[in-house]
Amino acid sequence: GAISTNTEWSGEVLLIDDVYIEHGITLTLKSGASINADIYSIIVNGTLAGTNAALLSTSTSDAGNHTSNIGQWKGIEVNLGGDINLTNVDISNAKSGLMIHGSATLDSVSITDSFIGIDVDGTASMDDITCQNLYFECLRVSGVVDVDGLIATAVAGGITSSGDLDIANVSIDDAGTAISI
């Protein structure tokens, strides 16, 4: 559903549909918020701000002889004109943790047990990003990105860039391809 007034989420929140943050509106994830996205996504046309929060899915799928919750929810999509500001936020079990077509400021964001970590064709400033157990890349860049601190472990690809990437303090372990530029 649409969020059309400034809103704060705290405690445990279960999504029952895709969430659209309208232009000019802010959704704030309060400290300690735990968002169970189930199979849905958060689409940001306005602003998403969060500190000390978690976004995940507890849904599972039957993958033959075992169940899995990797890639169960679509992730957070920041559209052109949208903005996110996340500090100490954990994202897990997403198809794409963050798809940034607009702008983003990320500090101490962790993405685990997902297909893709962060895909940026907009602009982003990132500090202390952690990716672990990703089927594909930790960071895909076709836009403009400044990163100071990135740790990627057990990922198919650490960083893929065809955009403008300024990066320092990187550690990539147990990756098929560490960096592709």
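A disulfide is a covalent bond between the sulfur atoms of two cysteines. In this predicted model, a search of the whole structure finds one disulfide. Cys 131 and Cys 138 are the partners, with an S to S distance of 2.1 Å. That distance falls within the 2.5 Å cut-off for a disulfide. The torsion about the S-S bond is about 65°, so the disulfide is right-handed. Both ends are covered. Cys 131 has a relative accessible area of 1% and is buried. Cys 138 is also buried, at 0%. Buried here means under 20% relative accessible area.

Aromatic rings were examined next. The count comes to two aromatic pairs. In one of them, the ring centres of Phe 115 and Tyr 135 lie 5.0 Å apart. Their planes meet at 65°, so this pair is edge-to-face. The cut-off for that class is over 60 degrees. The two residues come from distant parts of the chain. Phe 115 sits in the loop between strand 14 (103-114) and strand 15 (116-120). Tyr 135 belongs to strand 16, which covers residues 123-141. The separation is 20 residues. Phe 115 is partly exposed, with a relative accessible area of 24%. Tyr 135 is partly exposed too, at 46%.

Phe 115 also pairs with Phe 136. This pair is tilted, with 50° between the planes and 6.4 Å from centre to centre. Phe 136 lies in strand 16, whereas Phe 115 lies in the loop between strand 14 and strand 15, so the pair ties together parts that are 21 residues apart in sequence. The relative accessible area of Phe 136 is 41%, which makes this residue partly exposed. Taken together, ring pairs link Phe 115, Tyr 135 and Phe 136 into a cluster.

Charged side chains form a further set of contacts. The count comes to two salt bridges. One of them joins Asp 18 and Lys 74, at 3.6 Å from N to O. This pair links distant parts of the chain, 56 residues apart. Asp 18 is found in the loop between strand 3 (12-14) and strand 4 (19-21). Lys 74 is found in the loop between strand 10 (67-68) and strand 11 (75-78). The partners differ in cover. Asp 18 counts as buried because its relative accessibility is 13%, under the 20% limit. Lys 74 has 37% and counts as partly exposed.

Arg 140 counts as partly exposed, at 26% relative accessibility. Glu 137 is buried, with a relative accessible area of 16%.

The surface carries a nonpolar patch. Val 170, Ile 179 and Ile 181 form this patch. Together they have about 310 Å² of accessible area. Ile 181 lies in the segment after strand 18 (164-180). Ile 181 has a relative accessible area of 80%. This residue therefore counts as exposed, since the class begins at over 50%.

Conventions. Residues are numbered from 1 along each chain as its sequence is written. This is a predicted model: local features need pLDDT of at least 70, side-chain atom pairs count only at pLDDT 80 or more; totals for chains, interfaces and linings use all residues. Side-chain values use heavy atoms; hydrogens and water are left out. Patches are made of residues with over 30% relative accessible area and no salt bridge: like charges are joined within 9 Å, nonpolar side chains (Val, Leu, Ile, Met, Phe, Trp, Tyr) within 5 Å. Accessible areas come from the Shrake-Rupley method with a 1.4 Å probe; for residues, only the protein chains shown count as cover. A salt bridge is a side-chain nitrogen of Lys or Arg within 4 Å of a carboxyl oxygen of Asp or Glu. Helices (H or I, at least four residues) and strands (E, at least two) are DSSP runs, numbered from the N terminus. Buried means under 20% relative accessible area, exposed over 50%, partly exposed in between (1.4 Å probe, protein chains only). Rings of Phe, Tyr and Trp (its six-membered ring) pair if their centres lie within 6.5 Å; planes under 30 degrees apart count as stacked, over 60 as edge-to-face and the rest as tilted.
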